[in-house]
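Biologist: Please present the structure, and then let us examine the terms used to describe it.

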Amino acid sequence: MRILLMTSSARGHAIADALKHSPQHPDIVSIATTANPGIKELAEEQFIERSLTNLDRLLLIAKRTKPNLAIIGPEDPIAAGIADLLEENGIPTVAPKKMLARLESSKGFARDLLQKYDIDCSPKFKVFTKENSKILNNFIEQELWGEYVVKYDALKGGKGVKVSGEHLATTREGITYALRCIEECGQVVVEEKLTGCEFSLMSFVDGSHVIHCPLVQDHKRAYDKDTGPNTGGMGTYSDANHSLPFLKIADVERAKEIQRLTVEALQHEFNPHPNPLPLKGEGICYKGILYGGYMATRDGIKLIEFNCRFGDPEALNILSILDSDFVAICQGILSGELTEEMVRFAKKATVCKYIVPESYPDKKEQLGKEVRFPNIKRESRMYYGDISQDPDGTLRLGTSRTVGIVGIGKTISEAESIAQKLCEQVQGPVRFRSDIGTHALIQKRIDLMRRLRSAL
Ligand SMILES: Nc1ncnc2c1ncn2[C@@H]1O[C@H](COP(=O)(O)OP(=O)(O)O)[C@@H](O)[C@H]1O
Ligand SMILES: [Mg+2]
């Protein structure tokens, strides 16, 4: 069994680690943009490519190495159509085809799909083009009361969304940004600004079956107490009961239902003969990982966005406690025969904290500086991100997130203390968020949800 893994990053290291824990002992062929030392240790072959969107070069490597299947980590190659290309060339690929990946690459497509199929989880929204841009002001002022979010309608590396009161001070600024988005990608989504607690739900999808992972909460802000600029994610936690402390059972069930209904909607949308629907992942259907970013609000669960791949760091939490064979899960996704029994997670809590260079995300001042790590024991994991290794083994910082350290415990508090102690032992010009997974921060979320719900 040979698996082609296209991804760098700690998410890639976590996927490689999960593959290597499979009883099927696959060989891994890695294509990545950096020489991730963690993936290097686990892979039989490692190819470094400047970009993962040069599909012809990726295909060349795939044809030469002849994998049994491919797994794609990041969104750019998926949106560019890597799954279409590999499958045309006989390589089954764990990622949706380009057309279906629009769920992530076009926020307008995702909102329109939810609306068309009556999946009621969107905030008030409107898609604007040049034609209707004259009513932007009216929509923002009269319908959203000046509380709005402007969303770039194409992939933008997490930098396309601007929120009123945070990035946009006035309606005028919002309109200017919206018009720029229309200029650059033809349309823009403007939607109501929601208040509540965000969380992520990732599901394995084989076309028709949707099997869920434990829920995770991410922390995007650079510094403690959710302050500072947004980052790729500074850390995450998950709970032993696979829910989150600020959610009710009905919230979790609703998020799961939204993922199921969305997969069904995609099947209807892309298969012209709706009766009967293609079974067992046949026809044009969504295969891969479906990631829903949600917000629990006073009016229930709302969808913020879909991603067509694992989140980073969310993947680190869930893959650390995956108890079943990840290779078999990938095979199930591809064959359309994925079952609940194939996907088992330990009833453990996890806390992931990212170690980052001191000046991340604003500057790149620590590039090339040495960093040293403590020994990792059974109840923890460490996944390498943007880090390089000298021939003598010395590890050096890149400019982005360095390593994700995951503590695993019976409770969030136990997992937090394991992750925190390990982070404190890292030596080098780095920092991390001490508050992620702590009682104080989680209580804040519980209190916020209680306030929102009691204000009804
Ligand atoms: N309707 C909304 N109301 C409030 N905040 C939002 C809304 N949509 C997005 N956000 C905020 O902006 C962040 C980024 O938006 P998202 O749609 O996830 O785009 P991306 O991850 O591609 O940047 C979200 O994590 C959330 O904090
Ligand atoms: Mg997001």
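Modeller: The protein has 14 helices and 21 strands, where helices (H or I, at least four residues) and strands (E, at least two) are DSSP runs, numbered from the N terminus. This is a predicted model, in which local features need pLDDT of at least 70, side-chain atom pairs count only at pLDDT 80 or more, and totals for chains, interfaces and linings use all residues. Residues are numbered from 1 along each chain as its sequence is written, and side-chain values use heavy atoms, leaving out hydrogens and water.

Biologist: What makes isoleucine 321 count as buried?

Modeller: Buried means under 20% relative accessible area, with a 1.4 Å probe and protein chains only. Isoleucine 321 has 3% relative accessibility and therefore counts as buried. Of the 456 residues in the protein, 57% are buried.

Biologist: Where does isoleucine 321 lie, and which residues does isoleucine 321 touch?

Modeller: Isoleucine 321 is in the loop between helix H11 (314-320) and helix H12 (326-335). Not counting residues up to four places away in sequence, isoleucine 321 touches Pro214, His242, Arg344, Phe345, Ala346, Lys348, Thr350 and Ile408, a contact being heavy atoms within 4.5 Å.

Conventions:
Chains lettered and ligands numbered in written order. Buried < 20%, exposed > 50% of the residue type's maximum accessible area, 1.4 Å probe, protein only.
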